[in-house]
Amino acid sequence: MKLAVLPGDDIGPEITEAALSVLDAAATRFGLNLEFDVHEVGMAAHRRIGTTLPASALEAARTSDGVILGPGGMTAYPPREDGGINIPGTIRRQLDLYANIRPARSRAGVPRALPGLDCVIVRENTEGFYADRNLFQGYGEFMPTADVAISLRLITAKASHRIGRVAFETARQRGRHVTMVGKRHVLQVTDGLFMRQVEAVAAEYPDVTLREIDVDAMAADLYTRPDQFDVILTTNMFGDILSNQAVALSGGLGLAAALNVGDGHAAANAGHGSAPDIAGRGIANPSGIILSSALLLRWLGTRSGNNALGAAAAAIEASVDRALGDSDCRTRDLGGEGDTKRFAKAVANGLRDKG
Ligand code: NAD
């Protein structure tokens, strides 16, 4: 099984290396045949060949069985016309990775973890308020005069319907409850269309309950009543914000696991950014990208029918939980004494011990 690996910028290469060491240990333990096809991207690639996303890297992502994508430091990129291409945005669009699956769960032993939080945010990943990629041609923001700025939010029935289906299928594997989030009485046309499509999907899943909540109420309820939520379904920008909030409530951004999924491709890309403030110091928390890689293995297992992949995913998640519970292994962002390498080693050793 070939995985394209695009390490990204700043902490990207450090945490990606950590994830690959864990995947190697999982491959040995579960007899997986994993091959890593590593491609330089980001500013390192730009310095060498003038683009942050070389065509060969994009092609590798397209032709591999799955992708592991380190975070890109997009705010430091030159303009698009000078080779500064948004890597995750372009890959999501090119591979039609329309669902962003972001679990957030509080774990025993992790400081600041909010008790009762165990949810999955299912975020629409292709449209909404993302001006750099929500139009077929042109840019989704413009200034008709020097003192007027307008941003367009794209919502389609097709994208709303298919993300709704992902949410209900996810709920069937979990607590059979979907909360859809927006602000329908204000964004009457766009959230109205989104929610009508979700309601149409809900009619096909009588075993799953659906509830609607406004995004502002949601921001508060996630903190005050976390146990109310199982699958949280929402549009692109709201999902980006709420998933960071949820994972912060579980302990910190470094825990942010995320899988970008379409009908034929998937990319593990942690929900946090490239953390330039701590890059190169070996202290970044690799949990997010390790857990994202576990989500990718589970997706590959479901698609291929190879149960060993699902078992490897579960074992990685359990080993991460154990390492997070140990303050000698946990990284500093979670109040621990560990660093990137020590944490990854503990997770890999946990797999070798058949824990
Ligand atoms: P960020 O997520 O990189 O960092 C926010 C804070 O969280 C920082 O203090 C950082 O040190 C900390 N943090 C994040 N990940 C961590 C980890 N694994 N371990 C320990 N601490 C961690 O957000 P930002 O500073 O707003 O963005 C930095 C860059 O990341 C920007 O260029 C942005 O465009 C990019 N970004 C990329 C992605 C992606 O590739 N999917 C997503 C979001 C942001």
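## Cavity

In this predicted model, the largest cavity has a volume of about 30 Å³. A cavity here is a set of points, on a 1 Å grid over the protein atoms alone, where a 1.4 Å probe fits but cannot get out; the volume is the space filled by probe spheres set on the points. The structure holds 1 cavity of 30 Å³ or more.

Residues that line the largest cavity include Arg102, Pro103, Ser243 and Asn244. Val247, Ala256, Ala257 and Gly271 are also among its lining residues, where lining means having an atom within 4 Å of a point.

## Ligand surroundings

The ligand is surrounded by 20 residues, each with a heavy atom within 4 Å of it. The closest are Thr75, Gly273, Ala275, Asp277 and Asn285. By type, the shell splits into 9 nonpolar, 9 polar and 2 charged residues; Gly counts as polar, and Asp, Glu, Lys and Arg count as charged.

Several polar contacts (pairs of N or O atoms within 3.5 Å) can be listed. A backbone N or O atom of Ala275 lies 2.8 Å from an oxygen atom of the ligand. For Asn285, a backbone N or O atom is 2.9 Å from a ligand nitrogen atom. His272 places a polar side-chain atom 3.3 Å from a nitrogen atom of the ligand. Of the 810 Å² of accessible area that the ligand has on its own, the protein covers 70% (Shrake-Rupley method, 1.4 Å probe).

## Cysteines

A search of the whole structure finds 0 disulfides, a disulfide being a pair of cysteine sulfur atoms within 2.5 Å. Cys119 counts as buried because its relative accessibility is 1%, and Cys329 is buried at 10%; buried means under 20% relative accessible area (1.4 Å probe, protein chains only).

## Basis

Residues are numbered from 1 along each chain as its sequence is written, and side-chain values use heavy atoms, without hydrogens and water. Local features need pLDDT of at least 70 and side-chain atom pairs count only at pLDDT 80 or more, while totals for chains, interfaces and linings use all residues.

Note on methods. A polar contact is a pair of N or O atoms within 3.5 Å; within protein, one must be able to donate a hydrogen and the other to accept it, and residues adjacent in sequence count only if both atoms are side-chain atoms. Buried means under 20% relative accessible area, exposed over 50%, partly exposed in between (1.4 Å probe, protein chains only). On a 1 Å grid over the protein atoms alone, a cavity is a set of points where a 1.4 Å probe fits but cannot get out, and a pocket is an open set with protein on both sides within 12 Å along at least five of seven lines; lining residues have an atom within 4 Å of a point.
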